[in-house]
Amino acid sequence: MVAPDSNNPELELELELLPYLRVYKNGVVERLVGTRVTPPGLDSLTGVDSKDITIVPETGITARLYRPTAVEPPRKLPLVVYFHGGAFLITSSAEPIYHNNCLIPLAAATESVVLSVNYRLAPEHPLPAAYEDSWAALQWVAEQSKTSGDEAGQEPWLKQLVDFEKVFLLGDSAGGNIAHHMALRAQNSNLAGNFKIRGIALIQPYFWGEEPIGSEITEPEKKALVDSWWNFVCPSDRGNDDLLINPFADGSPSVEGLVGEKVVVIVAEKDILRDRGMLYYENLVKSHWKGKVDIFETEGEDHAFHLLDPTSEKAKRLVNRLALFVNED
């Protein structure tokens, strides 16, 4: 962490993007949140074990892998590929609000193996780096699904426990945005392997647009804040209608191209992103996509409430909804 020093011109503040980070004129990035690290290991309360793995050594892409220890071979479990939030700017699987409050409860409730991808963050790695890293993680999963047991590089937890016919893409906030784009790309690409993406769950997904809708109209200060976040991580001529952030802007690929059999969109009533999540759900229902589409709304709560207060009844209901999504036929 680098603190500003008024006597050192190299440490003069260039940009403050609250609540996430500061950028100094010498290029140093000071993250204000989302930098804590919790080591992996066995959680005695849930029986969920975890470990860190490297997926792509060339670019340093890592992931944290979770498995419920109460389940042993030959029983096979679904695989949840999880993309964390943080506005593309902060956090990782090791951040306590993810490791303790999200990923361990998710693995326990869904009885799944969970692979949480640590994609590279902006501004050091500008978009589309996060998307390319996430795609590389899916390609790695595809390779794992076809690798024979005798070959080097086979991840033992996946080999022993995963049913590759039951793969799910889940993500919250920016991670929900990533899950959407991965589901589109997976449908239109040749992912060589013996695996099947069954569905995607978008938890308070980070979608946006130039023209305000819903609460964006009545809460202009919040909208301006979100505008500033996106324009920082993805400066482009299209602004908030860039195809990465607005799935319904002119030129965006149709949601009819999503891979999978089912989608659940999860929103929170007081979240400034709620109306974008609702719009996504409504447009997907209206489209000719062949799968099942559901919406799940938590009343009286704001963005990421389940990460900040994971023991609340509403947070538990959200996790239980995800468990139902993963395990229902």
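## Terms and basis of the model

A polar contact is taken here as a pair of N or O atoms within 3.5 Å, where within protein one atom must be able to donate a hydrogen and the other to accept it, and where residues adjacent in sequence count only if both atoms are side-chain atoms. The structure is a predicted model, in which local features need pLDDT of at least 70 and side-chain atom pairs count only at pLDDT 80 or more, while totals for chains, interfaces and linings use all residues. Residues are numbered from 1 along each chain as its sequence is written, and side-chain values use heavy atoms, with hydrogens and water left out.

## The chain as a whole

The chain holds nine helices and eleven strands, these being DSSP runs numbered from the N terminus (helices H or I, at least four residues; strands E, at least two). Its radius of gyration, taken over C-alpha atoms, is 20 Å, close to the 20 Å that the globule rule (2.2 Å times the number of residues to the power 0.38) gives for 329 residues, so the chain is as compact as a globular protein of that length.

Buried residues account for 54% of the 329 residues, where buried means under 20% relative accessible area, exposed over 50%, and partly exposed in between (1.4 Å probe, protein chains only). Of the contacts (heavy atoms within 4.5 Å) between residues at least 6 apart in sequence, 71% join residues at least 24 apart.

Glu111 sits in the loop between helix H1 (96-110) and strand E7 (113-118), and it has a positive phi of about 50 degrees although it is not a glycine. With a relative accessibility of 34%, Glu111 counts as partly exposed.

The side chain of Glu111 makes a polar contact with the side chain of Arg75 at 2.8 Å. Leaving aside neighbours within four places in sequence, the residues in contact with Glu111 include Pro68, Val71 and Leu106. The C-alpha atoms of Glu111 and Val326 are 9.1 Å from each other, although 215 residues separate the two along the chain.

## Other backbone features in loops

Ala87, a residue other than glycine, also has a positive phi, near 60 degrees; this residue lies in the loop between strand E6 (77-83) and H1, and is buried at 4% relative accessible area.

Leu18 and Pro19 are joined by a cis peptide bond with omega of about 5 degrees, and Pro19 belongs to the loop between strand E1 (13-17) and strand E2 (21-24). The peptide bond from Ala122 to Pro123 is likewise cis, with omega near 5 degrees, and Pro123 is found in the loop between E7 and helix H2 (129-146).
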